[in-house]
Each structure stands twice: as C-alpha cells, then as structure tokens.
Amino acid sequence: MDNAMLIGLSRQLTLRREMDITANNIANINTDGFKAERVMLESRETRRARHEDGPPQVQFVGEWAMARDFTQGALTSTGRPLDLALDGPGFFVLETQAGDRFTRDGRFTLNAQGELTASDGARVLDEGGAPIVLDPNAGPVQFGTDGVLIQNGNPGARLALAVFEAPGQLSKIGDNRYAAPEDAARLDERPVVRQGFSESSNVRAILEMSRMMEVSRAYQSVTRMIRDADELSRKAIERLGRP
C-alpha cells in the first residue's frame, strides 16, 4: 500500500480516537466533578514516510497521551448537607478494595453504619485514613470550609483531601475516579470545602461541539485524500498495462 494511504489511515485512527473522547466529554457534561479530556498526538519520527508527488516531509502520527483539564468546575447550590464540593485543586479520598481512589464528585450519602460514602458505597476517608462516621443522634451535620465535621458544636474528623503536585500523573479508572502512582508527590495545601454544593463538569459544550465538527471535517478530508491516492494508483497501473 502507498505510504500516503498508510499515513492517511494512521490519521483516521487518531481522528476516530479524538471523536470518541469528544463524544465522551459531551456525554458527561452533566456529570458532577467530571474533567474534560483531550488526546495528545505526536509524529512518529522513527517511521519516516515518503511521498513521490506530495510534500517532501510527511510523517505518521499516533496517540501520545491523554490530557485532562483539571480546572475548576462551577459550584451549584443543592442544599443537601452531605453534598460537598471542593473550591480549588484537590480530591476527596475514597477507600476501595483496589486501594485509595480520588474524586471531585462529592455527592455523598450514609451507609447503615453511619459512615460517609460515595454512591457505590466506597467510604470517604479522614486525614488519619479512617472512615468518617456521623452520629445520627448528634444533630445537624456541618462541615467547615477546612473539611472538619461538626455536630452539636463539637469538632470531629477532618476530611482527607489530596492535592497532587502533578495531577497529570493520575490514571482515570472509571466512575469519575483516579488512581495515583505510589511516588506521586503531594502538596500541603488544601482546597476549600463547600457544604451543600456540587461541582459541575468543566466541559464546555460549544467548544466540544466545535471540536466535533473539526474532527468530522478532518476525517472527511483524509478519506478524500485516501480515495484520490487510490484512484491515482489505479490509473498508473492501467497505463503500465497498456501495450
């Protein structure tokens, strides 16, 4: 197969990936705490291509990494005492069977033991690594902006909040959560905790729709280029076959 067609196919693969990521961003535009993603591409210099009739320097392209936009999402008042949102960089820490996991989705609830949990039952941890337990007989639940639980005027456990020096190192594992490598450096700073608020997704609908149209047009352009290259090859073979 002609190199131009191979390059076109490699570009089509990356465009499909970009389209999938853009569609996923749009699908999660109403998911609390969701962070927009973008595919990062790189040219594959080790696999140089040649094109006899086109530009002298053409290269294959492939996916390099997944970038995530960790900027703040808008805070929306819900009035629920167990809805918590973070104002500033950082994550809530959840206890799961696979280890500690990190999320910006602070729509919490209580389990039968009075422990603060995520929607799937993962327990929310305090600074000491223990679950946060609420006393149902101690009156209204209040969380200070520093993450300290207060009931009946008495301060209790403080929410564990993880702020990473390089959040780009985090791996997305599904359910709007992230895993951190063991050597991920953390900062001492803490975000402000807002009780009765939820953090909206930071996906910008207009930007994503524009991106989807750009990817669609680029895919159509590459498809035409592949079709034209195929047509040129066919005509060349026909000429060679003539007496």
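How many aromatic pairs does a search of the whole structure find? The search finds six, where rings of Phe, Tyr and Trp (its six-membered ring) pair if their centres lie within 6.5 Å, with planes under 30 degrees apart counted as stacked, over 60 as edge-to-face and the rest as tilted. The model is predicted, so local features need pLDDT of at least 70 and side-chain atom pairs count only at pLDDT 80 or more, while totals for chains, interfaces and linings use all residues. Residues are numbered from 1 along each chain as its sequence is written, and side-chain values use heavy atoms, with hydrogens and water left out.

**Aromatic pairs**

- The ring centres of phenylalanine 92 and phenylalanine 108 are 5.1 Å apart and the planes stand at 85°, so this pair is edge-to-face.
- Phenylalanine 92 is in strand β5 and phenylalanine 108 in the loop between β6 and β7 (109-110), so the pair links parts of the chain 16 residues apart (strands, E, at least two residues, and helices, H or I, at least four, are DSSP runs numbered from the N terminus).
- Both phenylalanine 92 and phenylalanine 108 are buried, a word that means under 20% relative accessible area, with exposed over 50% and partly exposed in between (1.4 Å probe, protein chains only).
- Phenylalanine 102 and phenylalanine 164 also form an edge-to-face pair, because their ring centres are 5.0 Å apart and their planes are at 90°.
- Phenylalanine 102 counts as buried at 3% relative accessibility, and phenylalanine 164 is buried at 7%.
- Ring pairs join Phe70, Phe91, Phe102, Phe164 and Tyr178 into a cluster.

**Nonpolar cores**

- The largest nonpolar core has 17 residues, and those with the most contacts inside it are Leu84, Phe92, Phe108, Leu116 and Leu159.
- A nonpolar core is a set of buried Ala, Val, Leu, Ile, Met, Phe, Trp, Tyr and Cys residues joined through side-chain atoms within 4.5 Å.
- A second, separate core has ten residues, including Phe102, Leu125, Phe164 and Tyr178.
- Beyond its neighbours up to four places away in sequence, leucine 84 touches several residues, among them Phe92, Phe108, Phe143 and Leu159 (contact means heavy atoms within 4.5 Å).
- In soluble globular proteins, nonpolar side chains tend to be buried together.

**Strand pairing**

- β5 pairs with strand β6 (residues 99-103) in the antiparallel sense over five bridges; two strands pair if DSSP finds at least two bridges between them.
- β5 and β6 form a hairpin with two residues between them, and the bridge partner of phenylalanine 92 in β6 is threonine 103.
- β6 is also joined by two bridges to strand β15 (residues 177-179), and these strands run antiparallel.
- Phenylalanine 102 stands opposite tyrosine 178 in β15.
- Elsewhere, an open sheet of three strands has the order β10-β11-β12, with antiparallel pairing.
- β10 (141-143) and β12 (154-158) are at the edges of the sheet with a single partner strand each, so one side of each has no neighbour in the sheet.
- β10 and strand β11 (residues 148-151) pair over three bridges, and glutamine 142 has isoleucine 150 as its bridge partner in β11.

**Single residues**

- Glutamine 151 lies in strand β11 and is buried, with a relative accessible area of 10%.
- The side chain of glutamine 151 reaches the backbone oxygen of aspartate 135 at 2.9 Å.
- Alanine 162 is in strand β13 (residues 161-162) and counts as buried at 1% relative accessibility.
- Outside four places in sequence, alanine 162 touches Gly90, Phe91, Val93, Phe102 and Arg186.
- Isoleucine 226 is in helix α2 (residues 205-241) and is buried, with a relative accessible area of 12%.
- Isoleucine 226 and glycine 8 are 218 residues apart in sequence, while their C-alpha atoms are 6.2 Å apart in space.
- Apart from neighbours within four places in sequence, isoleucine 226 is in contact with Met5, Gly8, Leu9 and Gln12.

How values were computed: A polar contact is a pair of N or O atoms within 3.5 Å; within protein, one must be able to donate a hydrogen and the other to accept it, and residues adjacent in sequence count only if both atoms are side-chain atoms.
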